[in-house]
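Hi everyone, thanks for coming. Let me put the model up on the screen, and then I'll walk you through it.

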Amino acid sequence: MPNRSNSFDVAVVGAGAIGLAVAWRAAQRGLSVVVLERAAEIGKGTTPVAAGMIAPISEALATERPLTRLGLASARAYPDFVAELTDVSGADTGYLNCGTLFAARDPDEAEALLRELALRERLGLPAHRLRPSEARRLEPALAPTLRLGLEIPDDHAIEPRKLTAALGRAVATTGAELRMSVTVDRLTIEADQVTGVELADGQRVSAEHVVMAAGVWTHTVTGLPEEARVPIHPVKGQILRLHDPNGPGLLTRALRVTGAYLVPRGDGRYVLGATMEERGFDTTVTAGGAFELLRNAFEVLPSITELVIDELSAGLRPATPDNAPAIGPGAVRGLHWATGHFRHGILLTPVTAQIVVAGLTGEDPGELAADFDPTRFSGVPVAA
Ligand SMILES: Cc1cc2nc3c(=O)[nH]c(=O)nc-3n(C[C@H](O)[C@H](O)[C@H](O)COP(=O)(O)OP(=O)(O)OC[C@H]3O[C@@H](n4cnc5c(N)ncnc54)[C@H](O)[C@@H]3O)c2cc1C
């Protein structure tokens, strides 16, 4: 039951895409929810930096089958998720059915693309080989030097900044409370049961369940037993936002080449990403980072030089030791994790909310969830 005196069923730490989606879905189930966010506005963490690709087929790796299955489930959930979100929030999310085109620049890259095609055929995922002329018929701006193309028709994209704005509004419609400019310092635990959190100003918020959705800053919340923690480290990504002064049409599909991708927004805006750098919490942007991305994209899309640069930014992907997220109940009763989404947090938003809410309501989260059990990092069983 909602209680204005600082006591809730669920306290969610962090108002990124993940925390907001969990809060929205939990409140829809009748739980009283508070979201605690240290920034003055929502969407100030990694989420607003992301390109927003919903691309489990493009990103499928032979070594990450469970993650591919989870990504596919989330991508399947996206159309209904977005339709409902748009309906309750009245806000557009920039969801775009664009598909992806992989481009190979030389014989080595062409050979690598054929291996990518073979993997997708083994997994039963739709992907089509394209001769250079076929690829250029689909995307006429591609360089004539292109060696081979691979089309993935079922990938989508969304605008993460619009997604968080819509989620913020959706949360508000449920009666859940969004508290901004509050930093969670410590989890409070009594008799092996979470009792809530303590804020940086000393105030306490009582909650039967605490959902850790603080992304790459998860470690800043103290009070957890060492064996109950999920180790997260930052992987920096630099990314450019550009627009075409001539309007849309230069590129209609997301374009991938070794070392870069370019995602169209459908209206002449593009996102060019992204570097992968192990540099701790550094978010400086560098000439080298921008150069690397532009050079790789230029080699397959020469007219990228005509685009106007609107923004160069850097974000920190929250990575776990096995590059897979931690989703669901943790090693202390009442503690739940929704973090470690690394390169896939936008893709995995709907399915993460679904699994976490199952944990909050005591329902079966389904088979898919087993591989992402947060307790795999501690070896400590979830307290009964
Ligand atoms: C360059 C780049 C490109 C990417 N592209 C894609 C993509 O195309 N597709 C995709 O699926 N994913 C992509 N990602 C990954 C995606 O951005 C992340 O996985 C996702 O945004 C993580 O969301 P989150 O809600 O967990 O974290 P965040 O968005 O970081 O939210 C965490 C929130 O917690 C708050 N917080 C932290 N500590 C505290 C505290 N102690 N108290 C209160 N609040 C706190 C923060 O202020 C923040 O608002 C990309 C990432 C980068 C960097």
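Okay, one term before we start: a nonpolar core is a set of buried Ala, Val, Leu, Ile, Met, Phe, Trp, Tyr and Cys residues joined through C-beta atoms within 7 Å. Buried here means that 20 or more other C-beta atoms lie within 10 Å of the residue's own, exposed means 12 or fewer, and partly exposed is in between, with C-beta atoms placed from the backbone.

Keep in mind that this is a predicted model: local features need pLDDT of at least 70, side-chain atom pairs count only at pLDDT 80 or more, and totals for chains, interfaces and linings use all residues. Numbering runs from 1 along each chain as its sequence is written.

How many residues does the largest nonpolar core have? It has 122, and among those with the most contacts inside it are Ala11, Val12, Val13 and Leu262. Helix H1 gives the largest share of this core, nine residues; helices (H or I, at least four residues) and strands (E, at least two) are DSSP runs, numbered from the N terminus. Domain 1 (7-53 + 161-231 + 321-377) and domain 2 (96-154 + 233-319) both contribute residues to the core, so it lies between them. Those domain bounds come from an automatic or database domain assignment.

Let's zoom in on Leu262. Leaving aside neighbours within four places in sequence, its contacts include Leu251, Tyr270 and Leu301. In contact means C-beta atoms, placed from the backbone, within 7 Å.

How do the domains sit? Their C-alpha centres are 31 Å apart, and 15 residues of domain 1 are in contact with 17 residues of domain 2.

Now the ligand. Of the 44 residues around it, Gly14, Gly16, Gly45, Gly215 and Gly345 come nearest; to count as near, a residue needs its C-beta atom, placed from the backbone, within 6 Å. Helix H1 (17-28), strand S12 (233-243) and strand S16 (308-319) each give two or more residues to this shell. And why does the ligand lie between the two domains? Because both domain 1 and domain 2 give residues to the shell around it.

Last thing: how far can we trust this? The protein chain averages a pLDDT of 95, and 97% of the residues score at least 70; pLDDT is the predictor's confidence in each residue, from 0 to 100. Over residues 380-384, though, pLDDT stays under 50.

Methods
Contact = placed C-beta atoms within 7 Å.
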